[in-house]
Structures are given as structure tokens and as C-alpha cells.
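I'm going to look up a few spots and jot down what turns up.

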Amino acid sequence: MEAFDALMGGFAIALQPTTLLWGFVGCFIGTLVGVLPGIGPALTIALLLPLTYHVPATSMFVMFAGIYYGAAYGGSTTSILLNTPGESAAVVTALEGNKMARNGRAGQALATAAIGSFVAGTIGTLALTFFAPLVVDAALAFGPAEYFSLMVLSLVAVSAVLGNSMLRGLVALGLGLLLGMVGIDLQTGQPRFTFGRPELLDGIEVTVAAVGLFAVGEALYLAWQGRETKTGEVMKLSGSLWMSKQDWARSWKAWLRGAFFGFPIGAMPAGGAELPTLLSYYTEKKLSKHPEEFGHGAIEGVAGPEAANNAAAAGVLMPLLTLGIPTSATAAIMLSAFEGYGIQTGPQLLSQQGGLVWTLIASLYIGNVILLILNLPLVSLWVKLLKIPPPWLYAGIIVISTAGVYGAGNSVFNVGLLFVFGLLGYLMRRFDFPAAPLIVGLILAPMAEQSMRQALTISQGEWSTFFTRPLSGSLMAVAALLLIVPPLWKQWRHLQAR
Amino acid sequence: MSHNDHQPMLRRDYLKWMGAAGLAATGVSAHAQSAWPSKPIRWIVPFAPGGTSSIVARTMATELTKQMGVSIIIDNKGGGGGVPAMQEMMRTPADGYTIVMSHIGLMAVNPLIYPDSGYDVNKDFVPVTLLSRVPSLFVVHKDVPVTDLKSLIAYAKARPGQLNYASAGNASAGHLAMEALKLASGMFITHIPYRGTGPALNDVLAGRIQLLSAGTPALLPHIKSGALRCLATGTTERISVLPDVPTVNEFGFKDFETVQWYGITARAGTPPEIILKLQQECAKALKMPDVIAKNAAESAIPGGGTSSEYAAFIAKEQARWKEVVIKGQIKPG
Amino acid sequence: MTPVRLALLLLGVCGVAAWQLTVIPPSLMQMTVGPVLAPAAIVAALTVVALLYGLSAWRGRQVDLSQEAGQEALPGSTTRMLSLLGGGVAFIALVIPLGFVLPGTLCGMCIARAFDAPFNGKSLLICGLIAGVFWFVFARLLGVGLGPALPWLF
């Protein structure tokens, strides 16, 4: 196979001691910066990328791969340990991951996240190697109508994260959707819900909302309660840090399914990494043999979304390399990076610059492996973080979050928003409103509305376009089925049992 | 006694040192004023880090740092159409140690769509130099049955409102360029904004949308592969990477120029010698091989002209885009 | 703060949102769905759900997790909460004039106070260290725009 030979050629170049060393450095700092709340992967890569220009050319790629995957993985560590998603895609991981940590299973949560990320990253890179043109063609087929249907499907999937009470979950979702409407309307340029503030013209940043709701909100609630300091430790650790046989058995399918969601959606423009994590969580919950564990620390709920997250990161590379189309803020930064490395992306990339590209792909594999090797032992180190006494731990988290949010947006307005969301998070925690639907609504609302209106403009006002276009129609049908079938199924089983 | 003697001695010494320090201070500050730059310069870039403009800024900053011997520190302040960045600039003293990257949106379009931003781009700021002009290309999907700009205009006029064009967002360079073309040619085509060039390009490549205007780097690979057909460029002369593509001017549209441009601007009240020095340093930096290479990659035309040339250019652009914005009913974006 | 008051607050938010809807300037462009439709639908849906929540709360069927056994707030809760929020306010008010490190340290100390660590030298030292190290890592090493560390230092 020609592709395989070329890939081996790429490996030959990439597998050298200095290269590997720089790869380790890249992974380490990528994870470290990715861990910091308030600094999402896009900013992490923007900040660390210039470092790669200073290292020898062959090591650049591996260092970059390390930073890239490291940033994607780093966000989940704080998600699991401290209920503080480092990035919006890690929000779903926090649901089960933090519960697992509170049950003393932090090590297992981190391990399944690390291994799942590795598996998904490898699958993603494999797909990139062999199936890139196919997937890109499929992604091109997704127009605004299809996106809207995908959003509708995702809204149905949100039902999985609504928590104990559907009513309260819907309130959270509604609030999130409303907050998602803040900003300039893309189609007409009118400002909506901005109260005349220029900082709100671009809408509410998801990172600020997520970190505010989860990190600051949690801290506020615990401070208000005043019980944290009495127990002395943030959470206890019981048993070993490694995954049991049962954990493995439950995780591996979730990894594969998560990768399957993450990769194509990451490849779509405006797909993002949050959607696949949501869809993965929903799927795992529905397919799990232990659905009652969800919400209390089900390992599939960490394995799936984490794999989805990393697969989406790999998926983003496809349209980037083959079409030169960046599908996310992170990708846009990488595009300039690739130009800096001398890679001219586009349809002729493989034919004209094969050598460079295969080196990049080989570096991605290697980066993935290094990340796994680096992070598994680090699990015990991260877990020791939890032993820090609460006052300093929370002071540290919030000061770092504040620094991250202030630095990323360079405005105190965002810091103010952070604490406002913190107050909201406190209220939601106290009155048992789930936070995840709010974040999901915040992300989905603008995307869904925009796609809907774009689709309508293209179809000249025909609402039927969402159902007559084959791909869009099928997605809508799936959404409808998912909505209608489970309750009907339950009814049927109920009648059967009589 | 020796102990007592110390006190008056110390006091005398103290006064001596204070005097010396005072002299030194005045000496130092006088020195500072005449030898700009003597401390790091802050360059506010009104874009989020990582975009093309940031790359331009970073390359220039590296060159200027080497040339002038002080660090040029890039301060990314993206969002809000650039308004918060300019507002931040207003808070800095006019001493030449803070500069801002100005571009077409900030200087020509914002004054029309953000009337109460708290500053006046012409009165509160003084242009230093133009850095580069990036051409906008007008492309169609390969299946659209038109061969050149003339046939496109005829095709569009035959079916008003049925052709769509994508853009990277409201008031983006591509949107403005296409509206300018609409205004000049009288076509009636529908605007479909996307969030960024990426998604816009995706839909054009898939054939769902027929037209697009964007910068060279994003479109060139697809033009070369045949997926898109470039009908015209918005520059005044043909560009080197696409020598067969005519300019819009060649079709009889006089004075048509749609380019995305970047420059450096300082606070009004900055001493003229500092502005002149900065402009000369930039002109030198623009001739450096690294910078030339980056500009060539974008088919960008480097600037480096004087402050008054930039001022005249800005005034021309403001007049041109005023008409486009008003007739095209472009709102903040 | 009880569930009923929370519901009223929520309805207040819906009211403000509805008012903001009327402030959106009408678009001159022709389109099937204007800028008001989607937000209006969301505000309507949220109002409905908020009303349902309010009714349910009125009937006493909604939870306040802090009322459960073993979960009540210990005395001094308001002070602790205000302390934490105060840290945020302090940072916001002071970061532009005073650079990053001092407001950051103060913010950290207020948060630590919220977790019952008193305002003393140890707190000052630890929070100062956190703020200082992170300023160094973010602003110096990574180039994130955090402003000067201390007012007279760049």
C-alpha cells in the first residue's frame, strides 16, 4: 500500500531521540496549560505554538502533536478531579468523572480518560491516514439544513443530562438557550440582549460560563455550606489507582463508540468537540447495562465522551489538511502554523508535499503514545493535588481561573461574568438544577438558529428543506424516533409485564 | 564625638545623593525623550491570537525588535469588532510606546456602524504607515455556467435574488467586497453570512452556494485544483499568483478596489519625530526577506509609505466604504 | 432564598428578556426568519417552564438541597459567601490600577477566608506565591496579556 509505505517513511524521520525529547516537552506543557481552567485549547495552542518555531524542523511536528493532544487531554483532568472543566468539551466528562472521583475512583476515571484519548487519537489518526478523502466528501455534504437537523438531534440527546428532575433540567436548558442568544445576530448584524455593552457583542464565552458555573459555583456553594474544612480533605481516595477488569470491559466499547462520534463531527465545519461528547454520553447512557449509575459515577460516561473529544481533535485535521478549511478556532491557528512549517494545505497537499504530511501524521501517532506514557504515571501526581487543604486549593483554582479568563479576554468584564456565573452556579447547586444543560444550550442555541436561517435563505423560504434533503431528513427522523420510541417501548414492556 | 559626627555627615551625604539622583533623573528623562524607543513598545492587535493578521503582526514585531533593539510586545485584544481594542488605546498616553494595528474594518467601517464608541478614528488617532494590502478574489463554484465577470453579471441579472453568496460574516472583508461589486454592477444576489471563512468555503465547495469573495491564501489551492473558478480580483493590477485572472477594473468598473488592508496607528498627540521614526523602521522591516516571504504567501502588496500617504488612503477608503455600507445596509458584525 | 423566590427571580429574568426583545431594531432585509423569532420562542418556552417550576415550588414540591439533614449551612454562611464574592470584586476593581499580583493575592486571601482560613501572614504568603507564580507563567512565559505584575514594574 502506497499510503502505508509513505507513512513508514514519515515514521523514520520522526522517530529520533531529539525528536522524541521535544515530543515529551510538547506533551508536558500542552497538558499543563490545557489543565488550567479558563485557558481553552485554542488559546493554549496559540500561546505555545511559537515555541515550536525555535526547535529543529523535524522535532517541530512531534512537539506540535504533543501540544495539540495534550491540550485536548488536559482539560479533562481538572474536570474529573475538581469539577472544573478546563474547556467546554470537558463539561460532559465532569458529570460522571467528578462523581467517580468523589467515590474514591479518581484514578480509574483519569486512567479511562487517558487510555480512551489514546485509543480515539490513534483511531482518528488512522482514519486521517487512510480515509481522509472519503470523510471529507461526507463532511462536505453537510450543509446548513443538515447542521440544523444535527442540532435537533443533539437537543434530544440533552435529555440524557437533564438530571433528576426534567422540569428543572428544562429550566436550565432554557436559560442556556437564552444566554446563547446574547450577541450580534449573524444574519442581520443587529445586537441582541447586549444592553449596549461592546463586550457582549460577541456573545457570552462558553469557557467563562463553564468555569464560572462549575468551578466558582462549586466553591461558592461549599464555602457557603462551610463543611469542607471540617472534613479536612477535598475528597478521599480508596483502593488502587488502576482500572479493574470490569472497568476495562465497560470502557472499551465506549471508547470505540466515542471515537466514531467524535471523528466525523470534528471534521465538519462548525462541528466542534462539544457535540460529540454529548451524543456519546447519551448513547452510553442508553446502551449501558448499568443505567442507574449514570449521575453517580458510571465509567462509560467518562470513557465515551473523552474518546469523542480526542477523536474530534483528530477529525479537525482532515478538512484542514485536505481543503485548507479550518473548522474551529483551534484549527485556524493550526492553519497559520502549518504555513509556518511550509505546508501549503489544499487538495494538492498529498501529491505535492507528501513527505511533510506523512511526517506530520507519523508525529501525531507518536505524540499520542507519548501522551499516554506521560499521563498514566502522572495520575498519582494529579490525585495528590486533592490533598491540598481546601482554602488553598480553592483559592488557587479561582485565582488561576480568574487569571485565565482575564488573560484570554483581557477584560475585567469577563471576570465579572465569571463571578456572576459563579453565583448562578451556587443557586443551581443549592436548588438541584443541573449545570450541563445550561452549557449545552449556550453552545447549541446560536449554532442551531444560524443553521436554520441559512438553510431557509438558501431554499428560498421553504421549510420543507429540512425534511426533503436526504441527509437532513434522516437525521430528523432519527431524532423523532429517539424521542418517541423509548417512552413507547417502556409502555409496551409495562403492558407485557402485566 | 565620633558618634555625633556621623549624623551631620550622613545628612550631608544624604543631601548630596538626593541632588545627584535628581540630576540623574532629569538627565535620564531628557535622554528618554530624545532617544525613542528606550523601553518596550506595546502593539495592540484587535484580533484574537492565531489569525492571519496576528501572523503579520508577529513577523513585523520580530523584525522591528531586531532593528530597534527594544521588544515590541503584541497584545491581542480581539472581539467586539475591534472597538474594545481602540477604547483601550484611548486610555494610553500619546508617547509612542503604545501602537495599534488598524485595518479596514476599524477605520473605514466601524465609524459608520458603531457611532458611539467613545472615540473618533480621525481626530483621536494619527496614522503611521500602511503595512500591507491583501487582495480579495471573486470566485464561483465550477458548475456555475459563467465564463467571466461580464457573463456572471448577465446571469445574475437574469435571475435576480436567486444566486447566493457566502461570506465570513457581517461586515467582513468578503461581505464588503461583494457588496461593492453588487453596487458597481447592479446585481441582486443574496448574502448568506457564516461564522468565518472556513464554513463559508465549505458550502461553496459543495456547490450549495454559488459565489464567494475572500483572500488569496484560502482560495488559491481550490482555484488551482479547479473546484472554484476565479472570475476577477479586486486589486488595481493583476496579481502574480494568478496572472490570467483579470481585475474588476478591466471590465470597465473604474476606481474599483477591494482589498483588505492593515496598518499601524498611534494616538493623536504623539510627537511627529516618533511617528516618522516608526514609519521609517517599518519601511525597512517590510523589505526584510522574512516579511517579504510572508506577504508574498498572501499575494499581499507591502506598504511602508509615509504617514500622510496612509492618511490619504484611509480617507479614500472611508469614502468608498461609506457608500457601500449605507447602500448595502451593513450592520455591525 | 427559597424555591419560590428563585422562581420569581427567574420570571424576572424572562421579563427583562422580553423587554430586550422589543428593543431589537427591526431588520430592513428580507428574510423568512428575522432576528426576533428564535429568541422570542426561547423566552416564551422559558417563561412557561419557569411558571411550572414556580407552581411546583408554591406547592412545596421543589427541593432546597441545603435543607436536607447534614447538609445545612453552618453559621457564618453569608460572611463566607460575601468573602468569596468580595475577592472577585476586589480583583475587578484593583487589577487595572494595581497590576496583577496584588489584587490576585487579595482575591486569593478572600477566597481562603471563605474557607475559614484567617487573614494572616500565612495566607498572604501562599496567595502571593500563587498569584506571583501564575503571573510569571502566564504573562512572562506564555505571553498572555495580564498587564504588569506590580504597578511600577513592567
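Which residues is B:His141 in contact with, leaving aside its neighbours within four places in sequence? I found B:Val204, B:Leu205, B:Ala206, B:Gly207, B:Ile209, B:Gln210, B:Ala227, B:Leu228 and B:Arg229, where contact means heavy atoms within 4.5 Å.

Before I go on, some ground rules: this is a predicted model, local features need pLDDT of at least 70, side-chain atom pairs count only at pLDDT 80 or more, and totals for chains, interfaces and linings use all residues. Residues are numbered from 1 along each chain as its sequence is written, chains are lettered from A and ligands numbered from 1 in the order in which they are written, and side-chain values use heavy atoms, with hydrogens and water left out.

**Still on B:His141.** I placed B:His141 in strand β4 of chain B. Helices (H or I, at least four residues) and strands (E, at least two) are DSSP runs, numbered from the N terminus. B:His141 counts as buried because its relative accessibility is 7%; buried means under 20% relative accessible area, exposed over 50%, partly exposed in between (1.4 Å probe, protein chains only).

**Helix α3 of chain B.** I looked up the buried residues of this helix, residues 83–90, and got B:Val83, B:Ala85, B:Met86, B:Glu88 and B:Met89. What covers them includes β4 (125–141) again, along with β1 (41–45), β3 (98–103), α4 (104–113) and β9 (259–267) of chain B.

**Cysteines.** How many disulfides are there over all chains? I got zero, a disulfide being a pair of cysteine sulfur atoms within 2.5 Å. For C:Cys127, the closest cysteine sulfur is in C:Cys107, 8.7 Å away, so that is too far for a bond. C:Cys127 is buried, at 2% relative accessible area, and B:Cys282 is buried too, at 0%.

**Domains of chain C.** The domain assignment gives domain 1 (3–67) and domain 2 (77–141); such bounds come from an automatic or database domain assignment. I noted 36 Å between their C-alpha centres.
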